[in-house]
Amino acid sequence: MRRRHGSDAGRAPRRRKWQELRQQPRRGIFLLPSLLTTGNLFCGFLALVLASQQRYTDAAISIFVGMLMDMLDGKVARMTKTTSQFGVELDSLADVVSFGVAPAFVLYSMALAPLGRAAWLGAFLS
């Protein structure tokens, strides 16, 4: 229990506007982290497509842009306090595609494909 001293003994504690906004965020803010995560997922898929077309530099750039979007979506979600279970699961899926499957496929198609079946294991372990 808080004690009130002085002239504000009968008043309720003052609330600031930013505290009210933090407690009741707008609905549109929920969309922004999910859009960034979807952009990350798209960058991973684009890297797969570009690697299949033997455009390895563009595929690497796409993975790098996906990394930037991954950093931004977490920061935006924490900053706006709009984390959700769906967002966490979508982020995990995007991370698997962008940082697991896409780099392994780029490595396989760029350097390991001539090795035959042994290259499958190398790409899987990378």
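Start by selecting Ala 102 in helix α4, where the helix bends by about 30 degrees (the bend at a residue is the angle between axes fitted to the seven residues ending there and the seven starting there). A proline, Pro 103, follows within four residues. Before you go on, please note that this is a predicted model, in which local features need pLDDT of at least 70, side-chain atom pairs count only at pLDDT 80 or more, and totals for chains, interfaces and linings use all residues. Residues are numbered from 1 along each chain as its sequence is written, and side-chain values use heavy atoms, with hydrogens and water left out.

**The whole of α4**

Now select residues 85-112, the 28 residues of α4. Helices here are DSSP runs of H or I with at least four residues, strands are runs of E with at least two, and both are numbered from the N terminus. From first C-alpha to last, α4 reaches 38 Å, close to the 40 Å expected at 1.5 Å a residue (the expected span is 1.5 Å times one less than the number of residues). Zoom out for a moment: the protein has 5 helices and 0 strands.

**Ala 94**

Next, pick Ala 94, also in α4. Is Ala 94 buried or exposed? Ala 94 counts as buried because its relative accessibility is 0%; buried means under 20% relative accessible area, exposed over 50%, and partly exposed in between, using a 1.4 Å probe and protein chains only. Show its surroundings and you will find Thr 37, Asn 40, Leu 41 and Phe 99 in contact with Ala 94, leaving aside neighbours within four places in sequence (contact means heavy atoms within 4.5 Å). Asn 40 is 54 residues from Ala 94 along the chain, yet their C-alpha atoms are separated by 6.1 Å.

Move along α4 to Val 106. This residue is buried, with a relative accessible area of 10%. Leaving aside neighbours within four places in sequence, its contacts are Ala 47, Ala 51, Tyr 56, Ala 59 and Ile 63. Draw a distance from Val 106 to Ala 47: C-alpha to C-alpha they are 7.7 Å apart, though 59 residues separate them in sequence.

Which residues make up the largest nonpolar core? Select Ala 47, Leu 50, Ala 51, Ala 59, Ile 63, Ala 102 and Val 106, 7 residues in all. Such a core is a set of buried Ala, Val, Leu, Ile, Met, Phe, Trp, Tyr and Cys residues joined through side-chain atoms within 4.5 Å. Two or more residues come from each of α2 (27-52), α3 (56-80) and α4, and α2 gives the most, with 3 residues. In soluble globular proteins, nonpolar side chains tend to be buried together.

**Helix α3**

Colour α3 next. Its end C-alpha atoms are 36 Å apart, which agrees with the 36 Å that its 25 residues should span. Its buried residues include Ser 62, Asp 70 and Asp 73. Just after α3, click on Lys 81, which takes a positive phi of about 55 degrees.
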